[in-house]
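Hello,

Here is the structure we talked about handing over. Please have a look, then read my notes below.

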Amino acid sequence: FKGGGNIAAARFSYAGGTLSPGYPLGTLTFTAAEDFNAGILNMEISETAGVISKDSIRVNGNAALTGSTLNIVANGTVPGGLHQLFSFNTNTGNTHFTTVNYPSTCTGCSLLYLPNSVWLNNPTACATNLTLANQTLPTGTYRSQGDLTANMCIVPNGNNVEFKSDTGVLLQAGFTVELGGVLEILIEACQ
């Protein structure tokens with residue numbers, strides 16, 4: 001199945017088939033719990049002229065990931081930093097993808113599993129003038145060639161966030177580091 005929009009989860013079963021959100025890029029929303037067991041998920045991400053485009057899946061319920069394969073497909077450059085691919089209400093049993101295949105251009109890439117989301121982390125690439133807004137920041141390194149700007153972001157208790165920029169870091173209105181959270185800022189060449 002390839003496409004975007006809303007799917008009534010009770011009416012959808014792909015039982016080992018392939019799911020590709022977007023056409024070519026976009027968001028697919030399941031209206032209730034979804035079991036991705038034994039399926040293949042193709043997720044596309046790219047950066048062209050500083051614009052990041054990606055697929056995403058939203059599950060309005062529990063998402064079961066164990067037994068499934070995730071293929072990250074790059075159309076162009078895989079952008080640096082963290083990029084949310086999945087969001088869900090719950091992930092009972094803290095399930096993970098059984099197999100993850102990254103593009104050859106994404107050396108050092110990994111997935112970050114949080115209680116309500118899954119993120120692609122490309123720590124080796126530098127985003128151009130990276131802007132982070134209105135989000136809780138997962139543990140990781142955020143690299144920017146040019147200014148790194150963070151607005152209305154939270155570094156929660158227990159998370160360790162590192163900002164690296166070759167020119168400067170701008171912490172704007174509403175940026176918060178909670179007690180027990182760690183923020184480190186480095187001004188150095190982005191590499």
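Thr176 sits in strand 20 (residues 176-177); strands here are DSSP runs of E, at least two residues long, and are numbered from the N terminus. This is a predicted model, with local features needing pLDDT of at least 70 and side-chain atom pairs pLDDT 80 or more, while totals for chains, interfaces and linings use all residues. Numbering starts from 1 along each chain as its sequence is written, and side-chain values use heavy atoms, without hydrogens or water.

Back to Thr176. Its relative accessible area is 36%, so Thr176 counts as partly exposed (buried is under 20%, exposed over 50%, partly exposed in between; 1.4 Å probe, protein chains only). Setting aside residues up to four places away in sequence, Thr176 touches Cys153, Ile154 and Val155 (contact means heavy atoms within 4.5 Å). Pro156 is 20 residues from Thr176 in sequence, and their C-alpha atoms are 8.3 Å apart.

Next, the surface. Leu171, Ile185 and Ile187 make up a nonpolar patch with about 270 Å² of accessible area together. Patch members have over 30% relative accessible area and no salt bridge, and nonpolar side chains (Val, Leu, Ile, Met, Phe, Trp, Tyr) are joined within 5 Å. A salt bridge puts a Lys or Arg side-chain nitrogen within 4 Å of an Asp or Glu carboxyl oxygen. Areas are Shrake-Rupley, 1.4 Å probe. Leu171 belongs to strand 19 (residues 169-171) and is partly exposed at 41%.

Four strands form an open sheet in the order 14-16-18-21, with parallel pairing (strands pair if DSSP finds at least two bridges between them). Strand 14 (127-128) and strand 21 (182-187) are at the edges with a single partner strand each, so one side of each has no neighbour in the sheet. Strand 16 (residues 140-145) and strand 18 (residues 160-165) are joined by 5 bridges. Ser144 has Ser165 as its bridge partner in strand 18.

The largest nonpolar core has 24 residues, of which Phe36, Ile57 and Phe86 touch the most other members. A core is a set of buried Ala, Val, Leu, Ile, Met, Phe, Trp, Tyr and Cys residues joined through side-chain atoms within 4.5 Å. A second, separate core of 15 residues includes Leu130, Leu137, Leu148 and Phe175. Beyond its neighbours within four places in sequence, Phe86 contacts residues including Leu41, Met43, Ile57 and Leu70. Asn121, in strand 13, is buried at 12%.

Best wishes

Notes
Patch = residues over 30% accessible without salt bridge, like charges linked within 9 Å, V, L, I, M, F, W, Y side chains within 5 Å.
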